[in-house]
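Subject: Structure handover

Hello,

The structure is pasted below for your files. My notes on helix packing and on a pocket follow it.

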Amino acid sequence: MAGEMKKLHPAFAVNNIKTLVPILLDIKQDEYSSWVFLFELHLQAHNLAFLIDGSTTPTDLETATVNQLDALCRQWMFSTMAKDLMLTVLKSGKTAKEIWDHLKKLF
């Protein structure tokens, strides 16, 4: 309807994921469990855990918004990992869950 504004999901307001997940995930260092803890905490705070844990997508989100949130989650992942790891993981999946699962296997 004209004059009706869509509500912006709070995750889109995050402007620097590195302040919230300050660990750089690197295959050469053993910080995976700490990175996972902080990343999951961040997703839970923004009601986005469904993107990586396989739970049901909230019914109040449109498909286009879910796709944007998934892309945002992938950007957050890539922003918090070392370049070598990122280049490896880029080829592992097209969704945040596929990338998440691939990282789990790697570590």
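**Helix packing**

Helix α4 packs against helix α6 (residues 96-106) at an angle of about 30°, and their axes are 9 Å apart. Axes are lines fitted to C-alpha atoms over the stretch in contact, with angles from 0 to 180 degrees between N-to-C directions; helices are DSSP runs of H or I, at least four residues, numbered from the N terminus.

The contact (heavy atoms within 4.5 Å) involves D70, C73, R74, M77 and F78 of α4 with A96, I99 and W100 of α6. By class, six of these residues are nonpolar, none polar and two charged.

This is a predicted model, in which local features need pLDDT of at least 70 and side-chain atom pairs pLDDT 80 or more, while totals for chains, interfaces and linings use all residues. Numbering starts from 1 along each chain as its sequence is written, and side-chain values use heavy atoms, without hydrogens and water.

Helix α2 (residues 32-45) and α4 (residues 63-79) cross at roughly 150°, their axes coming within 12 Å. That makes α2 roughly antiparallel to α4. W35, F39, H42 and L43 of α2 meet C73, W76 and M77 of α4, giving six nonpolar residues, one polar and no charged.

The largest pocket holds about 440 Å³ of space. Among its 15 lining residues, K7, H9, D60, L61 and T65 are the closest to its centre. The lining comprises six nonpolar, five polar and four charged residues.

Regards

Technical notes. Helices (H or I, at least four residues) and strands (E, at least two) are DSSP runs, numbered from the N terminus. Angles under 35 degrees count as roughly parallel, over 145 as roughly antiparallel, 65 to 115 as roughly perpendicular and the rest as oblique. Ala, Val, Leu, Ile, Met, Phe, Trp, Tyr, Cys and Pro count as nonpolar, Asp, Glu, Lys and Arg as charged, and the others, Gly among them, as polar. On a 1 Å grid over the protein atoms alone, a cavity is a set of points where a 1.4 Å probe fits but cannot get out, and a pocket is an open set with protein on both sides within 12 Å along at least five of seven lines; lining residues have an atom within 4 Å of a point. Grid points are joined across faces, edges and corners, and a volume is the space filled by probe spheres set on the points.
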